[in-house]
Amino acid sequence: MNKRFPVLATILLLVVQVAFAQTKSKKFSSEGEFTSNCEGPAVDDEGNVYAVNFARDGTIAIMNGKGNASFFVTLPKGSTGNGIRFGDKNTFYVADFTGHNILKVDLITKNISVFANEPKMNQPNDLAITAAGHIFCSDPNWKEGTGQIWHVSPEGKVKLAAENMGTTNGIDVSPDEKKLYVNESVQRNVWVFDLAADGTLSNKKLLYHFEDGGMDGMRCDVNGNLYITRHGKGEVAVLSPEGKIIHTVTTIGKKVSNICFGGKNGKTCYITLQDRGCLETFKAPTAGREWAMMKAFAKNNK
């Protein structure tokens with residue numbers, strides 16, 4: 001056996017521990033401003049944070065870097081937002097879980113339109129998106145304990161991408177856009193699919209199974225690590241692309257529902273807490289994939 005191996009392993013462990021120096025989240029926005037459906041954080045090019053169901057369901061708030069929140073838009077009657085994802089610098093999409101829609105919001109005009117509608121959706125939950133505009137929507141059926149994944153083309157055409165799953169919830173695309181990750185909240189599984197350029201999914205494999213606690217939203221950093229919100233457990237677990245838990249951040253609230261990356265260097269994580277009705281924040285050692293995408297959007301928008 002190489003006697004240097006234990007030393008190298010110890011050094012690597014120390015490096016990881018130093019990189020993830022922050023083990024607890026801290027307060028960001030005021031408690032009680034959002035409803036119990038507080039979800040869907042996303043950050044624009046100027047660092048503003050957006051989240052759904054501010055003061056009442058069916059709204060979206062905008063928060064500055066200090067956590068001061070105000071109304072941004074009210075969704076059409078019958079619509080309630082969940083996940084939010086930016087498709088370019090001035091456009092974001094919203095999973096509308098009561099209207100069975102994917103809504104499109106223009107940041108400049110605040111115009112809201114139906115980008116895609118599918119009556120067969122149970123309740124659109126969270127969204128993932130590629131640089132070319134392919135959207136993937138998790139779609140759980142909480143009553144039956146089942147779920148599926150929908151693919152929405154850049155033109156707004158909807159097709160079923162994966163069926164016969166558990167309660168699909170958090171979802172994201174890998175930095176190289178060759179993998180799609182989705183978790184099942186009730187079954188506590190994290191799955192990985194091979195992702196083709198046209199949005200086709202194949203080769204489904206189990207990446208990780210949690211023995212306890214729930215799961216909700218999740219996002220990738222630029223290295224492909226998954227930041228998974230552990231709803232009911234009060235944690236954010238960081239899972240490597242190889243399926244190893246490499247860090248855990250303890251949250252103030254227990255019902256942590258979703259996460260996004262922002263801040264000056266893309267390493268600030270914003271998380272929504274449904275039991276506290278607010279957002280919390282913590283620092284990550286690596287920038288988020290969505291932050292890197294926004295930098296590319298902004299560059300291409302010039």
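Mentor: A salt bridge is taken here as a side-chain nitrogen of Lys or Arg within 4 Å of a carboxyl oxygen of Asp or Glu. The model is predicted, so local features need pLDDT of at least 70 and side-chain atom pairs count only at pLDDT 80 or more, while totals for chains, interfaces and linings use all residues. Residues are numbered from 1 along each chain as its sequence is written, and side-chain values use heavy atoms, with hydrogens and water left out.

Trainee: Which residues are linked in a network of salt bridges?

Mentor: Side chains of opposite charge can pair when their charged atoms come close. The structure holds 12 salt bridges. The residues linked in a network of such bridges are Arg85, Asp126, Asp172, Glu177, Arg219, Arg289 and Glu290.

Trainee: Lys295 and Asp45 meet in a salt bridge; how many residues apart in sequence are the parts that this pair ties together?

Mentor: The side chains of Lys295 and Asp45 meet at 3.2 Å, N to O. Because Lys295 lies in helix α2 and Asp45 in the loop between β2 and β3, the pair ties together parts whose separation in sequence is 250 residues. (Helices, H or I of at least four residues, and strands, E of at least two, are DSSP runs numbered from the N terminus.)

Trainee: Is Asp45 buried, partly exposed or exposed?

Mentor: Buried means under 20% relative accessible area, exposed over 50%, and partly exposed in between, with a 1.4 Å probe and protein chains only. Asp45 also forms a salt bridge with Lys89, at 3.9 Å, N to O, and Lys89, at 25% relative accessibility, counts as partly exposed. Asp45 has a relative accessible area of 26%, and therefore it is partly exposed.

Trainee: What is the relative accessible area of Glu280?

Mentor: The side chains of Glu280 and Arg276 meet in a salt bridge at 2.9 Å, N to O. Arg276 is buried, with a relative accessible area of 9%. Glu280 is buried as well, and its relative accessible area is 0%.

Trainee: How many Å apart are the end C-alpha atoms of helix α2?

Mentor: The expected span of a helix is 1.5 Å times one less than its number of residues. Helix α2 runs over residues 289–301, and its 13 residues should therefore span 18 Å; in agreement with this, its end C-alpha atoms lie apart by 18 Å.

Trainee: Which residues of α2 are buried?

Mentor: An α-helix has 3.6 residues a turn, so residues three or four places apart point the same way. The buried residues of α2 are Arg289, Glu290, Met293, Met294, Phe297 and Ala298.

Trainee: Which element supplies the largest share of the lining of the second largest pocket?

Mentor: On a 1 Å grid over the protein atoms alone, a pocket is an open set of points where a 1.4 Å probe fits, with protein on both sides within 12 Å along at least five of seven lines, and lining residues have an atom within 4 Å of a point. About 170 Å³ of space lies in the second largest pocket, and of the 18 residues that line it, the closest to its centre are Val43, Asp44, Glu290, Trp291 and Met294. The largest share of its lining, six residues, comes from α2.

Conventions:
Grid points are joined across faces, edges and corners, and a volume is the space filled by probe spheres set on the points.
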